[in-house]
Amino acid sequence: MIPNVYTSTIDLGDGRSITLETGKLAKQADGSVVVRSGNCMLLATIVSARNASDVDFLPLTVDYREKFAAAGRFPGGFFKREARPSNEEILTMRLVDRVLRPLFPKDYHAETQVMIQLMSHDEHVMPDALAGLAASTVIQLSDIPFECPISEVRVGQVDGRFIVNPSKEQLKESNIDIMIGASEDSVTMVEGEFDEVSEEVMADAIRFGHEAIKVQIAAQVELAEAAGKKETRTYEAEDSDEELQQKIHEFAYQKCYDIAKKGSSKHERSEAFGEVKEALIETFSAEELEEKGALISKYFSKAQKEAVRELVLTEGIRLDGRKTTDIRPIWCEVDYLPSTHGSSVFTRGETQALATVTLGTSREANVIDLPTEQGEERFYLHYNFPPFCTGEARPLRGTSRREIGHGNLAQRALKKVMPDDCPYTVRVVSEVLESNGSSSMATVCAGTMALMDAGVQISNPVSGIAMGLISDGERFAVLSDILGDEDHLGDMDFKVTGTEHGITACQMDIKIKGLPYEILIQALKQAREGRLHILSKLTDTIATPAADVKDHAPKMVMCTIPNEYIGALIGPGGKVIQELQKETQTTIVINEDPETGDGIVEILGTGPEGIDRVLARIDALTFKPEVGETYEVQVIKILEFGAVVEYTDAPGNEVLLHVSELAWERTENVTDVVNMGDVFDVKYFGVDPRTKKEKVSRKALLEKPEGYVERKPRPSGDRRNGGDRNRRQKRD
């Protein structure tokens, strides 16, 4: 039986559209939808348990996967099936999760899983821009409690015109690549990269994206109503006790306010707040603690949060004693690690990052092999956040989603200033050694200095800052360089990076509804002032990139070799190139130019001597003398009828210098004119049509002796021209 299928369509303009379809697939899920744009199709589902988990948070999982079959491809590797998610898939999961999670009820603790799968790929449609729309739509089609529909769009700008969900081709021409997540009345998430654009351009892009999101939200509502909007399920809410909350507020609020006002360090504050909590707990009996211990902790945290926020709004004083626009003390150092190709330490307050740079050939490029994208990255950044950086001891379970997300933000910030002609593959690694507020921005600053220390010729240094916001609806305060506690207690976490000329990347999460654009622009302008202050500290430490790489770092030289010589350079089974690398202590990589088919040779070595020897070998291999030109040669072999000479500028290239071309006088013995090891000039005449061999001449560069008479050519009957054969034929 054909199922009841419901659809809704969104017009994107330029002949493009998005179709939402439900009722055909995955009907046992609490909600399912197929989102289609062009030939790109995403299947999204949601399932939420009927009973709450025994935890005090929402156990939400957002999973996004790209199926290789969607692009008609086989997975790589031995097992030939999709394995763990790629970094790109994880980044898409984070984009969706960050918008959805705040909109579930605070007391909803049921296990919830959103699954989004790419089932059909279109090379002109970027599926990650549709994932947020798909996730929100399945929630609207379910009975799961959720505050309001949302959506996400990508915005690009080509020739001054904003574009919703641009194609990859359009994105290459765009100076903006920004993802925006929002509800109908509020922007809740922004993440993207920019070609050093102004704060005003970024704000305009957000406005433009928000308008497109409103259209997508209307389509979700239309589809849910057509399919029969389900009543929201009932669930067991958390316990509450207003009398207990008031008692705790009266006990703890002022004490927490006074502690916050002192302006202390992270550990001092933690100890002081902990003492207040211990004193509060002592006011309760053992029975009360057993019955309402969770509520007591919850209400104490709430009182603490209210006290800190009120201190900022009323007196403009922050937890560590700073004013709202103050930046924490900064110190920097470069060339800290003696054996790395580049290194730096960046410390801002209680946040510290140690960055390293490693230079390599194209062989070290990060290979991307996804259903939707194939290629490689010649610049990439890895971010590590070990537990000791926050004074914790916990198991290490591989690279976390957070580490991938923060590393990607820092990479996007720095890649905009990487030189187009950089011959190296460049890897930056940030080791976060201390963290109390925006270690990702510390990574950007440390990465900038490490790149300059390594001699990478970046176009401009980049700095980054994390901004915060505290608002009660009427009053607000924008905070520069936020602490970890201010991130947790505040209403916005806004990270922005850039050069003195403009913004290169941003990441923003907003927790309050209806943030006015005026506040957003103020935050951007205040962030610019903070970025420039931090940038001055970086440039005081290292003003410009080092003129060259370090002595122990590899030097890279690139050259082009005609296609017909590639095989000769590699040799049978790679024998020639392997021996050459061993002899010269270099690394040689050959890539084919996709346009010309010629070989692009990368030569990597720590010493110039080895590189020069490789270049000389390549020059010798590809050497082609030109007719009429003069070349220096050396005698390497004496023969009865001439001398074998080698071009001194192209070792290994030999040619026969015939005895008749040694001198104008008749030469009986070759050694009467030249000997082994002699160096002299010859003139190149090309291929002799008579002998079919290359011809060079020494005598052509000498003056003819006075009275010299050119010898007549030998007659056809000459012994050397077959005279004996002719006479023999006559006798016969």
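Me: What share of the 732 residues of the protein counts as buried, and what does buried mean here?
Reply: The share is 51%. Buried means under 20% relative accessible area, exposed means over 50%, and partly exposed lies in between (1.4 Å probe, protein chains only). This is a predicted model, in which local features need pLDDT of at least 70 and side-chain atom pairs pLDDT 80 or more, while totals for chains, interfaces and linings use all residues. Residues are numbered from 1 along each chain as its sequence is written, and side-chain values use heavy atoms, without hydrogens and water.

Me: What does the radius of gyration say when set against a compact globule of 732 residues?
Reply: The protein has 36 Å, whereas such a globule would have a value near 27 Å. The radius is taken over C-alpha atoms, and the globule rule is 2.2 Å times the number of residues to the power 0.38. Along the principal axes, the C-alpha atoms fill a box of roughly 135 × 70 × 45 Å.

Me: How many helices and strands are there?
Reply: The protein has 15 helices and 29 strands. Both are DSSP runs numbered from the N terminus: helices are H or I with at least four residues, strands are E with at least two.

Me: Why is the pair Arg269 and Asp485 called a salt bridge?
Reply: A salt bridge needs a side-chain nitrogen of Lys or Arg within 4 Å of a carboxyl oxygen of Asp or Glu. The closest N and O atoms of Arg269 and Asp485 are 3.6 Å apart, so the pair qualifies. Arg269 lies in helix H6 (residues 266-281) and Asp485 in helix H10 (residues 484-489), so the bridge ties together parts 216 residues apart in sequence. By this rule the count comes to 38 salt bridges.

Me: What makes Arg318 and Glu486 a salt bridge?
Reply: Their closest N and O atoms are 2.9 Å apart, so they meet the distance rule. Arg318 lies in the loop between helix H7 (286-315) and strand E11 (330-334), and Glu486 in helix H10, so parts 168 residues apart in sequence are tied together. Arg318 and Glu486 are both buried.

Me: How do you know that Glu602 and Arg378 qualify?
Reply: The N to O distance is 3.9 Å, so this pair passes too. Glu602 is in strand E24 (residues 599-605), and Arg378 is in the loop between strand E15 (374-377) and strand E16 (379-384), 224 residues apart. Glu602 is buried at 2% relative accessibility. Arg378 is partly exposed at 28%.

Me: Which strand order does the sheet with E24 have, and what counts as pairing?
Reply: Three strands form an open antiparallel sheet in the order E22-E24-E23. Two strands pair if DSSP finds at least two bridges between them. Seven bridges join E22 to E24, so these strands pair. Met558 has Glu602 in E24 as its bridge partner.

Me: Which helices pack on this sheet, and what are their angles to E22?
Reply: Helix H12 (residues 563-570) touches E22, E23 and E24, and its direction makes about 125° with that of E22. Helix H14 (residues 608-621) touches E22, E23 and E24 as well, at about 5° to E22. Axes are lines fitted to C-alpha atoms, for helices over the stretch in contact, and angles run from 0 to 180 degrees between N-to-C directions. Contact means heavy atoms within 4.5 Å.

Me: What makes E27 and E29 edge strands?
Reply: Their open sheet has the order E27-E26-E25-E28-E29, with antiparallel pairing. Strand E27 (654-658) and strand E29 (694-697) each have a single partner strand, so one side of each lacks a neighbour in the sheet. The twist averages 50° from one strand to the next.

Me: Why does Val645 count as buried?
Reply: Its relative accessibility is 0%, so it falls under the cut-off. Val645 touches residues including Val635, Leu657 and Phe680.

Methods
Lists of a residue's contacts leave out its neighbours within four places in sequence.
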